[in-house]
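Hi,

Here is the structure we talked about. Have a look, then read my notes below.

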Amino acid sequence: MSAIFNFQSLLSVILLLICTCAYIRSLAPSILDKNKTGLLGIFWKCARIGERKSPYVAICCVVMAFSILFIQ
């Protein structure tokens with residue numbers, strides 16, 4: 001089953017995208033800052049979510065890891 005049709009997999013993909021974009025922006029901000037609009041602006045927006053909502057994203061990552069490891 002693909003990640004689009006499985007809700008838990010979709011959440012995992014979104015969390016990984018947010019964390020990856022925030023990490024890339026911390027290493028090389030110029031890569032994501034030049035594409036603030038358009039299709040590639042999604043990555044810039046994910047990086048902003050990862051930076052500004054980092055405690056909530058971290059809690060979601062821990063809950064998702066617990067869910068994947070022990071519930072599935």
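**Notes on the model**

Ile14 counts as partly exposed, at 39% relative accessibility. Bear in mind that this is a predicted model. Ile14 sits in helix 1, residues 7-27.

Next, helix 4. Which residues of helix 4 are buried? They are Val57, Met64 and Ser67. These cover an arc of only 85 degrees around the axis, so they lie on the same side of helix 4. The buried residues pack against helix 1 and helix 3 (41-52). On the other side of helix 4, Ile59, Val62, Leu69 and Phe70 are exposed.

Last, Leu32. This residue is in helix 2, residues 29-33. Leu32 has a relative accessible area of 10%. The cut-off for buried is under 20%, so Leu32 counts as buried. What does Leu32 touch, leaving out residues up to four places away in sequence? The contacts are Cys21, Ile24, Arg25, Phe43, Trp44 and Ala47. Leu32 and Ile42 are ten residues apart in sequence. In space, their C-alpha atoms are 9.6 Å apart.

Best wishes

Conventions
Residues are numbered from 1 along each chain as its sequence is written. This is a predicted model: local features need pLDDT of at least 70, side-chain atom pairs count only at pLDDT 80 or more; totals for chains, interfaces and linings use all residues. Side-chain values use heavy atoms; hydrogens and water are left out. Helices (H or I, at least four residues) and strands (E, at least two) are DSSP runs, numbered from the N terminus. Buried means under 20% relative accessible area, exposed over 50%, partly exposed in between (1.4 Å probe, protein chains only). The arc is that of the directions from the helix axis to the C-beta atoms. Contact means heavy atoms within 4.5 Å.
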